[in-house]
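These are my notebook entries, written while I looked through one structure.

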Amino acid sequence: MSHSLQFFTPSRAPYLTLQKIPVTSYTRFSVINFPSKKHSLTITKSLSSDLDAASSQVLESGNGQTVGGLSADNVVAIPSHVPSDSGAAAGIDVDSVTEAELKENGFRSTRRTKLICTIGPATCGFEQLEALAVGGMNVARINMCHGTREWHKMVIERVRRLNEEKGFAVAIMMDTEGSEIHMGDLGGAASAKAEDGEIWTFSVRAFGTPRPERTINVNYDGFAEDVKIGDELLVDGGMVRFEVIEKIGPDVKCRCTDPGLLLPRANLTFWRDGSLVRERNAMLPTISSKDWLDIDFGIAEGVDFIAISFVKSAEVINHLKSYIAARSRGSDIAVIAKIESIDSLKNLKEIILASDGAMVARGDLGAQIPLEQVPSAQQRIVRVCRQLNKPVIVASQLLESMIEYPTPTRAEVADVSEAVRQRADALMLSGESAMGQFPDKALAVLRSVSVRIEKWWREAKRHEAMVLPDVGTSFADSISEEICISAARMANNLEVDAIFVYTKTGHMASLLSRCRPDCPIFAFTTTTSVRRRLNLQWGLIPFRLGFSDDMESNLNKTFSLLKARGMIKSGDLVIAVSDMLQSIQVMNVP
Ligand SMILES: Nc1ncnc2c1ncn2[C@@H]1O[C@H](COP(=O)(O)OP(=O)(O)O)[C@@H](O)[C@H]1O
Ligand SMILES: C=C(OP(=O)(O)O)C(=O)O
Ligand SMILES: [K+]
Ligand SMILES: [Mg+2]
């Protein structure tokens, strides 16, 4: 039984044909774009089955052993020993955590929201990093505000080793310091307490060690000239407040009006007559000379993402992207724009269009706009990113109290839930994982809240439909988009177990992720770098797999490999799409 449907458009002529094809074992709809390209939409009930032969044939392990079914104590994924970026590799790379999750709980309950951990003194050891990866960390973030390049290099090497030895695909995000005004590093002290009414000296002078009492170094030379007596000085957006009372040369004397804890390199803003004074910040370059050196370091180390602090316009992103393209010879580093200033909100759409993703950096954003405006800004940024098909991260203070306590506050759980409900791609831990006392517990809270809220909203079918504008710039891109939108809709309506996408660049996988379908998306890609990058995006489970242009053989191979590892089983309903063939196929796993 088969059906046909034809679309004709005049002259320019993509004739899209759904035609009747006499096939008995499955139903095939073909969408044909004359004269050049063929797009097939195939609904397959049963696949010609040389599958059993295939499944007995493979799975090659890292040491060349053949692995059949996995036993409970054998859940650690064994990456193929074939060079990872080789398209011809016979095995499949997936990590032990995903594998165990799929086996134990099935497709439906896999976590869709991705998790990022800032790595700091509390989590930089190999075992600590491994514990985070086991706990669900998808991306490790290093913040170039803190630590030395040698320290960051060591963290990068450990994460890479973890990926190689344990089959993880933890990506690395390097976050630049940016050139906004901030305090010095407190001479090595972890914090300093400012009490109500105390007089502190803020100065561009570098103080020796031990740091004289009640002194703070400021990184910006023009500081003393720019502030005026009566200005309000806010540390970290108001965690501590001072009033400027006197200027003596490079020193600015301030009285503490809201006491609190000063942390190393905390951000400083000054306010006059109720408004943020930002003329000076506007003069500072977004990417400082130190940031450029850090960026060179990131390129040399082959990080997966570079997050740029205090982006003000699309121009700086375009500039950086061409810099990276010229320097990194083929390795594709994604650029994430941190939205944390008034200017970045003003130019939001252009910035996001120019970037490969964005971060709602609520820490500094909350210091630049009134706190009560942060939630609506977050919602807007998340929506714009999804519409423009760019991954979006919600960051800062998600579980701030867990820096010190083993359980979150109810309000923190509600905040995390809201970000998950908005269906942001990723949630980020900062101090909680960098220097907190309970990094693993904080990650576990993000994980369990994500899974719970995702399930609740899926079951309640309460996700409002979002209008997804055309983002493609070519006709072929538009076809990919339509295919992904249709595949996601079909997946929801048919209640399929998973969508499979075969993608070389990852683009088709991200288009599917944008649709936020009910089922998980298994993204098969040929390179480890694309696999790592896809790990930031909502709902994608990235695998590295060598595949060809022949979809039938790709599917057979995938089914046999995943079945052999107990990650799928006969009868599971799957939709497969591919960016080589631009096709949709619906089938039961044989
Ligand atoms: N590499 C590091 N070395 C030492 N401390 C770090 C490092 N990274 C982060 N931290 C600590 O974790 C805190 C939270 O991290 P993050 O939010 O990334 O930085 P910031 O507070 O500067 O915005 C920092 O204030 C700092 O105390
Ligand atoms: C993530 C942020 O940036 P950083 O931690 O680098 O200040 C933020 O400001 O929220
Ligand atoms: K930073
Ligand atoms: Mg910031």
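**Entry 1: ligand 1**

I looked up where ligand 1 sits, and found that domain 3 (114-157 + 310-459) and domain 4 (186-283) both give residues to the shell around it, so ligand 1 lies between them. I note that the domain bounds come from an automatic or database domain assignment. The model is a predicted one, in which local features need pLDDT of at least 70 and side-chain atom pairs count only at pLDDT 80 or more, while totals for chains, interfaces and linings use all residues. Residues are numbered from 1 along each chain as its sequence is written, and chains are lettered from A and ligands numbered from 1 in the order in which they are written.

Of the 15 residues around ligand 1, those that come nearest are G120, H146, G147, S430 and A434; a residue counts as near if its C-beta atom, placed from the backbone, lies within 6 Å of the molecule or strand in question. By class I found six nonpolar, eight polar and one charged residues in this shell. In this scheme Ala, Val, Leu, Ile, Met, Phe, Trp, Tyr, Cys and Pro are nonpolar, Asp, Glu, Lys and Arg are charged, and the others, Gly among them, are polar.

**Entry 2: H146**

I then followed up H146, which is in the loop between β7 (139-143) and α4 (149-166); helices (H or I, at least four residues) and strands (E, at least two) are DSSP runs numbered from the N terminus. H146 is partly exposed, because 18 other C-beta atoms lie within 10 Å; a residue is buried at 20 or more such atoms, exposed at 12 or fewer, and partly exposed in between, with C-beta atoms placed from the backbone. Leaving aside neighbours within four places in sequence, H146 is in contact with G120 and R265, where contact means that the two C-beta atoms, placed from the backbone, lie within 7 Å. I also noted that the C-alpha atoms of H146 and E177 are separated by 8.3 Å, with the two residues 31 apart along the chain.

**Entry 3: ligand 2**

Which residues are the closest to ligand 2? Among the 13 that surround ligand 2, I found A361, G363, D364, A395 and S396 to be the closest. Helix α11 (residues 362-368) gives the most to this shell, with three residues. By class, the shell around ligand 2 has three nonpolar, five polar and five charged residues.

**Entry 4: helix α2**

In helix α2 (residues 96-105) I found V97, T98, E101 and L102 to be buried. These four cover an arc of only 130 degrees around the axis, which puts them on the same side of α2; the arc is that of the directions from the helix axis to the C-beta atoms. The buried residues of α2 pack against α3 (126-134) and β25 (540-545). Just after the helix, G106 takes a positive phi of about 80 degrees.

K103 also lies in α2, but K103 is partly exposed, with 16 other C-beta atoms within 10 Å. K103 touches G566 and M567, not counting residues up to four places away in sequence. K103 and G566 are 463 residues apart in sequence, yet their C-alpha atoms are 6.3 Å apart in space.

**Entry 5: backbone angles**

What kind of peptide bond joins T209 and P210? I found a cis peptide bond there, with omega of about -5 degrees, and P210 is in the loop between β10 (199-203) and β11 (215-217).

I also looked up D273, which has a positive phi of about 50 degrees although it is not a glycine. D273 lies in the loop between β16 (268-272) and β17 (275-276), and is exposed, with 8 other C-beta atoms within 10 Å.

The unreviewed UniProt entry annotates residues 481-580 as "domain: Pyruvate kinase C-terminal"; its positions are given in the numbering used here, feature names are shortened, and annotations may be inferred rather than shown by experiment. I found this span to be 43% helix and 22% strand, with its end C-alpha atoms 14 Å apart.

C484 is in helix α16 (residues 475-494) and is buried, with 28 other C-beta atoms within 10 Å. Leaving aside neighbours within four places in sequence, C484 is in contact with M508, L511, L512, C515 and V577.
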